[in-house]
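Student: I would like to learn how to read a few local features from a set of coordinates. Please give the general idea each time, then the case at hand.

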Amino acid sequence: MSYFYKDERELPLIIMRGIVAFPDLKIHFDVGRKQSVSAVEYALKNGSEVFLVAQKDISEDQPGEDGIYKTGVTAQINQIIKGRGKYQIHISVTGICRAKLIEITKNNPFYVAKIAEICEETVSEENEKYAKALVRHAKDAFASYLNVSTPLSPSIGTRIIAEKDPGKLADFVAGNIIIEYEERQTILDIYDSLDRLSALIEMVYNEADLLSIEEDIAAKIQANVDRNQREYYLQEQLKVLSDELNGYDSVNEIEEYKKRINSLKADEEIKEKLLKECSRLAKLSSNSPESSVSRDYIEQCLSLPWGIYSKEQTNIVKSEKILENDHYGLKKVKERILDYIAVASIAPDIKSQIICLVGPPGVGKTSIARSLAKATGRKYVRISLGGVRDEAEIRGHRRTYIGSMPGRIIDSLKKAGTANPLILLDEIDKLSSDYRGDPSSALLEVLDPEQNFSFTDHYIDMPFDLSKVLFITTANDKAQIPHPLLDRMEVIELGSYTAEEKFHIARKHLIPKQIKLHGIKSSQMRITDKAIKTIIENYTREAGVRALEQQIAVICRKCASSIVKNGEDKITVKPEILDKYLGHAKFKSDLLSKENEIGVVNGLAWTAVGGEMLEVEVAVVDGTGKIELTGSLGDVMRESARTAITFLRSVTKEYDIENDFYKTKDIHIHFPEGAVPKDGPSAGITVSTALFSALTNTKVKKDVAMTGEISLRGRILPIGGLKEKSMAAFKSGIKTVIIPNANIPDLEDVDENIKSNINFIPVKFAYEAWDYAIEDFRVKNKKSTFESEIRLNTDRLGVTS
């Protein structure tokens with residue numbers, strides 16, 4: 001069915017809010033806008049005809065041409081009733097014809113619209129049957145709508161039954177059913193009468209379905225209200241009866257317990273035991289102390305996640321992304337975690353290996369466990385074991401004691417709400433024991449995959465399956481973990497962060513975190529890369545990054561204060577102004593001597609906060625053979641120094657050293673920073689080199705450092721902490737580091753940047769180290785066959801100085 005446009009003309013425009021007018025329909029509405037009132041007054045003086053159009057957004061007070069629809073209706077004003085206000089009138093209009101808005105030609109004192117009226121042609125013979133069928137279908141749709149809608153006026157139904165024109169039927173129905181004004185506008189925008197009626201039929205059916213659903217919801221709500229009222233009435237009656245029966249509440253409570261027990265996903269033996277406990281509770285008086293104990297026990301058992309498991313995440317790519325976003329470095333730990341996830345995706349029923357993360361404070365042991373829980377989709381629970389000395393903390397108290405409760409393992413499962421969480425046993429090396437028991441022994445069953453499938457807490461007194469729990473433990477000192485406990489865990493050691501790693505962690509994680517915590521915008525504050533490195537080198541000395549984060553927090557607080565007090569828009573923190581925020585530098589880098597010296601050798605030491613340079617000074621003076629060892633040395637280091645002296649006595653002939661120096665000379669071996677305790681055997685090679693230098697009056701190269709234990713026969717034995725020691729050498733500007741030959745595999749853990757800047761020399765014997773460290777060693781100390789032996793040993797190593 002087609003349509004055509006009449007000639008264009010202009011009419012006063014009235015914009016309606018939330019109302020859509022249709023041809024041949026009478027509507028009433030209030031007019032309150034000044035321009036609309038002026039348009040009505042003008043129309044009454046000039047034929048009473050206006051153009052009505054709806055606005056798109058009903059919240060807009062003064063919509064422009066873009067804020068109104070393009071299709072409206074020409075209408076005749078039938079009646080107006082003036083309100084109390086100057087610009088408040090109520091009007092009655094009748095729609096005449098659809099019209100398309102061409103443009104608004106005037107907007108003051110009222111809108112004038114140029115429009116083109118739309119006229120529809122009669123239905124063609126070929127579409128006449130289709131039109132009749134469509135009209136009949138529309139009336140059926142309206143009848144179904146009437147079955148679920150609020151009753152309408154009988155005259156509306158009569159008009160619909162009598163109407164045969166599809167276009168007029170669509171307009172009349174759309175104007176009288178309860179639908180949103182946007183849906184009415186959709187019908188008004190369709191110019192073809194058959195298409196319009198088709199769209200209306202679909203809309204009426206949808207509305208009927210919605211009304212039917214609303215009716216069902218209302219019926220359910222009413223039923224619930226009726227039931228609640230009934231229950232309330234019965235409960236009030238029971239309150240009265242319970243005073244007489246003295247115990248109805250207890251009976252009701254027991255029945256509730258039994259329902260909850262029967263719904264548990266636990267073994268039948270467990271259900272049976274809990275039901276027996278319920279029967280026992282039913283026989284006890286409500287005033288009896290035993291009833292309170294029994295009730296608490298049942299509540300504790302019912303709160304456990306029997307057979308409840310969270311879905312484990314086995315997407316290794318997603319997990320790797322989470323770990324990389326949360327942590328910088330920690331390559332070994334990440335690889336082990338990803339291995340676990342990969343195995344879990346292939347063999348979900350495999351027993352989990354307990355992982356123990358060992359490392360100094362602040363290197364990310366606890367946070368990596370939290371990231372693992374996030375990566376695997378498990379619930380995360382942390383149990384701090386520091387200072388725990390009572391076995392009942394792990395296994396719980398027996399119910400015979402007053403105030404008894406489950407142990408921490410069962411309590412953590414209750415908190416997690418699942419039977420397969422990740423439980424972090426923090427500071428496992430800080431466990432202690434006394435007359436109350438040994439908690440480390442209680443943990444043996446918990447951490448043994450062959451036993452923990454039936455872990456029995458003393459309080460619960462029923463086996464609970466811990467085999468699906470992923471246990472992660474942390475420790476600072478592996479030596480403090482009891483051996484039977486250590487044997488059940490896979491140890492992954494986390495070394496100290498290098499300065500480069502600390503720099504990246506600070507820039508990517510710590511600084512953004514602290515800026516956000518202190519309410520500062522990223523555009524308001526910036527810490528330069530040089531400032532970050534200065535903070536790391538001069539204001540912190542630690543293995544992890546806790547102190548570094550604290551210093552960054554201090555800077556953020558100072559910057560926040562400046563922003564609030566002085567109104568600064570942007571603050572850039574540079575090394576030159578760090579004194580203003582953090583005070584003077586707390587640490588100084590270990591700097592190299594400016595020249596080669598006699599009896600002074602650069603050693604390397606490992607500490608809990610990373611590696612450090614450790615100078616050794618030896619002075620040989622005339623005397624009676626006394627040996628002085630100073631510098632707060634431990635027993636092992638003193639023994640190492642004496643071993644070096646004895647070795648030097650054994651090679652006096654080969655190196656032209658006075659063979660009675662131990663009788664005629666006093667030897668003083670000193671380690672600077674005497675207030676700092678020092679111990680360990682790794683300074684043996686350093687002491688022997690300093691002694692050799694002092695006894696032969698030869699200088700030691702200032703850019704060489706060394707580490708290694710020495711034996712009585714001059715062999716250099718392996719040491720630990722090579723990664724941290726090499727970092728200390730790098731920071732101090734050392735060019736050559738002498739290490740034990742047995743430590744060559746440990747070079748894999750050393751940072752690539754350090755290996756590219758330092759020449760590592762592996763040695764097996766002390767005289768090989770002297771060959772590289774002593775200035776002009778080969779020239780001044782050529783001695784018979786011993787020199788040849790030195791050269792042969794050096795050549796076999798395949799290294800050069």
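Student: Where does aspartate 448 lie?

Tutor: Helices (H or I, at least four residues) and strands (E, at least two) are DSSP runs, numbered from the N terminus. Aspartate 448 lies in the loop between α15 (439-446) and β10 (455-456). This is a predicted model, in which local features need pLDDT of at least 70 and side-chain atom pairs count only at pLDDT 80 or more, while totals for chains, interfaces and linings use all residues. Residues are numbered from 1 along each chain as its sequence is written, and side-chain values use heavy atoms, with hydrogens and water left out.

Student: Is aspartate 448 buried or exposed?

Tutor: Buried means under 20% relative accessible area, exposed over 50%, and partly exposed in between (1.4 Å probe, protein chains only). Aspartate 448 has a relative accessible area of 12%, so it is buried.

Student: Which side chain does aspartate 448 contact?

Tutor: A polar contact is a pair of N or O atoms within 3.5 Å; within protein, one must be able to donate a hydrogen and the other to accept it, and residues adjacent in sequence count only if both atoms are side-chain atoms. The side chain of aspartate 448 is joined to that of glutamine 451 by such a contact, of 2.8 Å.

Student: How many disulfides are there?

Tutor: A disulfide is a covalent bond between the sulfur atoms of two cysteines. The criterion is a pair of cysteine sulfur atoms within 2.5 Å. A search of the whole structure finds 0.

Student: How does the span of helix α2 compare with the expected span?

Tutor: The expected span is 1.5 Å times one less than the number of residues. Helix α2 (residues 125-148) has 24 residues and reaches 36 Å from first C-alpha to last, close to the expected 34 Å. Its buried residues are Ala131, Leu134, Val135, Ala138, Ala141, Phe142 and Tyr145.

Student: Where is glutamine 550, and how far is it from isoleucine 535?

Tutor: Glutamine 550 is in helix α19 (residues 546-566) and is exposed, with a relative accessible area of 51%.
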